[in-house]
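User: Hey, can you walk me through this model? I'd like the overall layout, then the aromatic rings.
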Amino acid sequence: MGVLGEGKGSTLVHLLVVVLSLVAFGFAIAAERRRSIGHLTPVPDQANATYCVYTSDVATGYGAGAFLFLLSSESLLMGVTKCMCFGRPLAPGGNRAWTIIYFITSWATFLVAESCLIAGAKKNAYHTKYRSMIYAQNFSCETLRKGVFITGAVFVVATMILNVYYYMYFTKCTSSQAAARKANRAGSTVGMTGAGYA
């Protein structure tokens with residue numbers, strides 16, 4: 001991971017980003033499938049009184065897990081690339097433009113994914129612990145609506161893909177810049193040697 005231009009380091013970072021993102025995706029899908037569902041249950045010895053009983057809140061744990069794994073993936077990549085802003089300046093050109101584009105879009109999809117995952121986990125947990133008597137026959141128990149975790153999962157995959165391209169173009173940028181510096185150093189050395197023999 002030390003030298004970004006090297007294939008081995010680049011492959012390791014790509015692999016970790018993809019694996020962490022796929023784990024987050026898996027947790028998000030599991031959370032959607034295990035969403036808490038509420039059922040109306042009659043209150044013993046009380047006519048026309050019902051209360052909501054919810055299924056397990058395991059989806060909350062899955063949602064939080066997806067949130068943390070995606071956060072780990074993003075933190076790893078931003079740590080390696082120093083958020084693109086705190087390391088060496090990128091070499092001008094098309095690669096830098098694509099690096100900036102993928103950096104911004106990956107952050108946008110990351111924030112949407114994390115928002116969906118943490119909001120879904122919080123909402124699911126709230127309804128799971130909710131207990132209240134309801135004096136209405138046609139009342140339905142409020143639950144986390146379908147699709148929140150699925151939306152998060154979709155944006156997790158989008159973030160993963162954009163991060164892979166961001167790191168790829170970032171590596172190209174830093175590699176080309178390093179090559180240009182070596183060429184400049186070699187040129188100046190040759191120039192000084194030639195001047196010495198003149």
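User: In what order do the elements of the protein run from the N terminus on?
Analyst: They run α-β-β-α-α-β-α, with helices (H or I, at least four residues) and strands (E, at least two) taken as DSSP runs numbered from the N terminus. This is a predicted model, where local features need pLDDT of at least 70, side-chain atom pairs count only at pLDDT 80 or more, and totals for chains, interfaces and linings use all residues. Residues are numbered from 1 along each chain as its sequence is written, and side-chain values use heavy atoms, leaving out hydrogens and water.

User: OK, rings now. How many aromatic pairs are there?
Analyst: The count is nine aromatic pairs. Rings of Phe, Tyr and Trp (its six-membered ring) pair if their centres lie within 6.5 Å; planes under 30 degrees apart are stacked, over 60 edge-to-face, and the rest tilted.

User: Why is the Phe103 and Tyr166 pair tilted?
Analyst: Their ring centres are 5.5 Å apart and the planes sit at 50°, so the pair counts as tilted. Phe103 is in helix H3 (residues 94–128) and Tyr166 in helix H4 (residues 148–197), so the pair ties together parts 63 residues apart in sequence.

User: Is Tyr166 buried or exposed?
Analyst: Tyr166 is buried, at 0% relative accessible area. Phe103 is buried too, at 14%. Buried means under 20%, exposed over 50%, and partly exposed in between (1.4 Å probe, protein chains only).

User: And which residues do ring pairs link into a cluster?
Analyst: Trp98, Tyr102, Tyr165 and Tyr169.
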